[in-house]
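Here is a short tour of the model shown below. Keep the viewer open as you read, and follow each residue as it comes up.

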Amino acid sequence: MAKKAVATLRTTGAGKNFAKVVRVVKSPKTGAYTFKEDTVPSEDVKAYFAKK
């Protein structure tokens, strides 16, 4: 499913400037780790990981 999201953006031509990013988030309640996936513009990848 993850590959489909990025592949769909690339077929339209407009998605060449996007990147799929995955962030590990620790739950404050249980302490378990979860993964948050987003598709962001390539220019904003560093800013995405810089924010908490």
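## The aromatic pair

Phenylalanine 49 counts as partly exposed, at 43% relative accessibility. Buried here means under 20% relative accessible area, exposed means over 50%, and partly exposed lies in between (1.4 Å probe, protein chains only). Tyrosine 48, by contrast, counts as buried at 6% relative accessibility.

How many aromatic pairs does the structure hold? There is one aromatic pair, and tyrosine 48 and phenylalanine 49 form it in an edge-to-face arrangement, 5.3 Å centre to centre with 80° between the planes.

## About the model

This is a predicted model, in which local features need pLDDT of at least 70 and side-chain atom pairs count only at pLDDT 80 or more, while totals for chains, interfaces and linings use all residues. Residues are numbered from 1 along each chain as its sequence is written, and side-chain values use heavy atoms, leaving out hydrogens and water.

## Overall layout

The protein has two helices and two strands, and from the N terminus on its elements run α-β-β-α. Helices (H or I, at least four residues) and strands (E, at least two) are DSSP runs, numbered from the N terminus.

Of the 52 residues of the protein, 10% count as buried. The protein exposes about 4500 Å², and carbon and sulfur atoms supply 60% of that area; accessible areas come from the Shrake-Rupley method with a 1.4 Å probe, and for residues only the protein chains shown count as cover. Among contacts (heavy atoms within 4.5 Å) with a separation of 6 or more, 29% are between residues 24 or more positions apart.

## The hairpin

Strand S1 (residues 18–26) and strand S2 (residues 33–41) pair in the antiparallel sense over nine bridges; two strands pair if DSSP finds at least two bridges between them. S1 and S2 form a hairpin with six residues between them, and glycine 31 in the turn has a positive phi of about 85°.

Across the pairing, lysine 20 stands opposite threonine 39 in S2, and valine 24 stands opposite phenylalanine 35 in S2. Valine 24 belongs to strand S1 and is partly exposed, with a relative accessible area of 48%.

Val22, Val24, Tyr33 and Phe35 make a nonpolar surface patch of about 440 Å². The elements giving two or more residues to this patch are S1 and S2. Patches are made of residues with over 30% relative accessible area and no salt bridge: like charges are joined within 9 Å, nonpolar side chains (Val, Leu, Ile, Met, Phe, Trp, Tyr) within 5 Å.

Which residue forms a salt bridge with lysine 20? Glutamate 37 does, with the closest N and O atoms 3.3 Å apart. Glutamate 37 lies in strand S2 and lysine 20 in strand S1, so the pair ties together parts that are 17 residues apart in sequence. A salt bridge is a side-chain nitrogen of Lys or Arg within 4 Å of a carboxyl oxygen of Asp or Glu, and a search of the whole structure finds one. Glutamate 37 is partly exposed at 49% relative accessible area, and lysine 20 is partly exposed at 27%.

Conventions. Rings of Phe, Tyr and Trp (its six-membered ring) pair if their centres lie within 6.5 Å; planes under 30 degrees apart count as stacked, over 60 as edge-to-face and the rest as tilted.
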